There are 2 protein chains.
Amino acid sequence: MGQSYTQLEKQFKRIHVLGDAASMLQWDMSAMMPSGGANARTEQMALLATLRHNMMTSAEIGDLMAAAEKEADLDDWQAANLKEMQRGYIHATALDEDLVEAISRATSSCEQIWRKARSQGDFKSVSPALKEVLNLTRKAAQAKSEKLGCSLYDALLDQYEPDGKSADIDPIFARMEAFLPDFLQAVLEKQKENSFTLPEGPFAIDQQKALGKTFMDALGFDFDHGRLDVSLHPFCGGTPDDVRLTTRYDEADFTSALMGVLHETGHALYERGLPVEWRNQPVGSARGMSLHESQSLLVEMQVCRSDAFLKYAVPIMKETFNGSGPSWSLDNFTQLYRAVKPGFIRVDADEVTYPAHVILRYKLERALIEGDMEVEDIPAAWNESMQKILGITPPSDREGCLQDIHWYDGAWGYFPTYTLGAMTAAQIFAAAKKALPTVEEDITQGDFSPLLDWLRSNIHGYGSKLSGRDLLIKSTGQPLEPEVFIAHLKDRYLA
Amino acid sequence: MGQSYTQLEKQFKRIHVLGDAASMLQWDMSAMMPSGGANARTEQMALLATLRHNMMTSAEIGDLMAAAEKEADLDDWQAANLKEMQRGYIHATALDEDLVEAISRATSSCEQIWRKARSQGDFKSVSPALKEVLNLTRKAAQAKSEKLGCSLYDALLDQYEPDGKSADIDPIFARMEAFLPDFLQAVLEKQKENSFTLPEGPFAIDQQKALGKTFMDALGFDFDHGRLDVSLHPFCGGTPDDVRLTTRYDEADFTSALMGVLHETGHALYERGLPVEWRNQPVGSARGMSLHESQSLLVEMQVCRSDAFLKYAVPIMKETFNGSGPSWSLDNFTQLYRAVKPGFIRVDADEVTYPAHVILRYKLERALIEGDMEVEDIPAAWNESMQKILGITPPSDREGCLQDIHWYDGAWGYFPTYTLGAMTAAQIFAAAKKALPTVEEDITQGDFSPLLDWLRSNIHGYGSKLSGRDLLIKSTGQPLEPEVFIAHLKDRYLA
């Protein structure tokens, strides 16, 4: 390989290592830091971000990138690495400094206002700030779309979902939108027969933590390379060799935090399985947010809410908490972990109604970015869409368009990855089951290693070598196909 | 103030903030990181150190420093800040890159060899590596002494004890060396009458931690700006606004970890009390290692092993662990926390014998740096000195010249600060008692705020504005005076 490419690898290693340092400090901020450390930490994070941005946008990187393109002797991995370097460079350099700073100020101010507006259900108070954010985001989309040669919305989507195209998403979401209302009614009708009771607590936090760690360990989480701690908003952070999971415990109900831990474990296994030989290079990073979410949802939704897993897990839960009585039966947990109920809040939504929340947001943010809608139209459009797909109308904007931080914080183009992730998870798990005919029996035995090995060979180990689409074709035989997810829903909720 | 000085403040702020980030990652490495994160963390730490070194040694800093010296309108704080900037710049630029790299390699290799040599008591196996470290350290001392205009040893001392001079230390240590042998015999004679018993455990770690936090809180540690955690080697890390203490618990004996927590609390209170308006500037940092150690020893030795403190603390200890019987009496704890016994190991030494360990090392490392002694002479010289001051001879080098990491790791010039710190603590506490006539009664009431307020006004709040010597003159009326420490020892151990 050529000298310029080799130099680029050195530079990008520094950029990645600096990102790792920032990631650890971010984890600490959420899981460990006392409140009084906030100002000092903000300074540290801002400086690391600035240094990283300066490295990424240096003239040297630009020159090396141009020279490396002419060096024709790269292998597949190196070529993919160079492509991802270029993507990173384009996103980092597309906006001029004034715009970057304006966005940073506008989102940080808007987020502050939003916190108050949300608690008071007062959309009007935040709409001027949101208009400013939208206005600047449109400018950013414009600048990036020119460099990337794609639509405004796709330029934003590309930040989270590399090479993602709304032209691919539209028919998939349209199929879901057509499917969901009738299906939901059928599920609700069927679940009328069911009832479940929440096991009665209190459940000591130490025991909840030990239980979570038991399942994490079984799933393949390596505690020599990671930790489980507590934070207000659970997340998976850290670095591939030092994965930091967090959760939040409720002494009255262990079932929700437990499923949260398993969800984050899916993210963690993906990070941990990224190709070791490409650590600290763009091609060694996770492919994008859809695929990341697919790995957490594969563990949480496909595996851990399955009959196979619950057969294994419920006796362990019962033993941990010394549970007795009907609420500790397998049947009760199955109903509990599969209850479907339309609600206003996305993050509380079940697997069936979740796509409705996402499709609504996707359509709105696309229209907003493309200039087909304005900020003041959001509340009415939101409520109309909720009524149409889920048959419910939020009592106030607090339970409606004020609930999520994303738009107020500048994260436009992120929402579709949640549902693309859920669908990808179904498709990957279906392929894994085909390749591993005994995988469900293995899971019931508490043996997750065949599944994890398969995921490592077919998904995790590819890093960002292939596009998300190509990786899915390679591992499952076809691009994202909504019918696989639909079949999963039918099988789980109507069979 | 001039433009160059203002620019320097901006640059040094970045340097300090980067140091803060590294400090948090260092804490995490010791207190939180799983073993498998070590390689990634080493990369992060090395990169931050390189970036920091590059900022510190940039031509821009050199030019600004030269220009700022000509700007005559600096106030006292700014002038002191510029002086500390210059000191940092000299230390950072004195060695050429080859020497820096050679030292880094030699110390890291020597430290590895030392770990094995220590466990086997085999000094010969590490002496070639130690010779290499000494050789390079002599070169570093040479380079720094030329820039600082001081002796070889003082050039190394200056890294830990700014403006410290062996010419000042020599008479102080000579006085201690003359005083100690007879005094020690007298104390041992007197303590023959005494006996104490260790309260019987086990002592649950949660309760030990809660007890430590109770006392930390009483002493003025602000948990909105800090934490208490566990690490193999207890330390005080983090940043002034987010101070991270660690300790190590022993379920069989709570008394040692507790005193360790109180010691680190002293360090923490100093960090926390540094001048807020000079955060992230050299003049806003702690003055040096002697003064830092004086603050930990003031809390541990002067305050927490005093009658006044034990009267307050023993009933709380007893209540915490539900203790009963004679081992929980005030008298027993007083004897336990003041037991004097000559031993081989510095870190286990009591207040009376500790100076002997330090004086021995100081004399040896000075002779070694100045070329008056060679590595192969160390074991015999060590053992002779131990016999002379403490009347004991180590059974092997493991309990002798192999016990401390400092020389093997390249930390030459550090040792004297421990005993200078102990003496400084005695002198500062004596001044505080004079200024605050009721301070001991306050302590017995569990009220430490008058003492902390005094320390903040007279010590902590000065940062690095004054030299250690000038600060001591200002706060106690005289430079370091061994008779104050000697009076303290006599009063506590022979009265």
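**View 1. Helix α4 of chain A spans residues 76–93.** In this predicted model, α4 of chain A has 18 residues and reaches 26 Å from its first C-alpha to its last. That is close to the 26 Å expected at 1.5 Å a residue (the expected span is 1.5 Å times one less than the number of residues). Helices (H or I, at least four residues) and strands (E, at least two) are DSSP runs, numbered from the N terminus. Residues are numbered from 1 along each chain as its sequence is written, chains are lettered from A in the order in which they are written, and local features need pLDDT of at least 70.

**View 2. Several residues of α4(A) are buried.** Among them are Leu82(A), Met85(A) and Tyr89(A). Buried means that 20 or more other C-beta atoms, placed from the backbone, lie within 10 Å of the residue's own. The buried residues of α4(A) pack against α1, α2 and α3 of chain A.

**View 3. Domain 1 (1–93) and domain 2 (162–495) of chain A.** These bounds come from an automatic or database domain assignment. The domain centres, taken over C-alpha atoms, are 29 Å apart. The contact takes 20 residues from domain 1 and 17 residues from domain 2 (in contact: C-beta atoms, placed from the backbone, within 7 Å). On the domain 1 side, α1 and α4 of chain A each give two or more residues. The largest share, 12 residues, comes from α1(A).

**View 4. Chain B touches chain A.** Here 30 residues of chain B are in contact with 30 residues of chain A. On the chain B side, α1, α2 and β1 each supply at least two residues. The largest share, eight residues, belongs to α1(B).

How values were computed:
Predicted model: local features only at pLDDT ≥ 70, side-chain atom pairs only at ≥ 80, totals over all residues. Buried ≥ 20, exposed ≤ 12 C-beta atoms within 10 Å, placed from the backbone. Contact = placed C-beta atoms within 7 Å.
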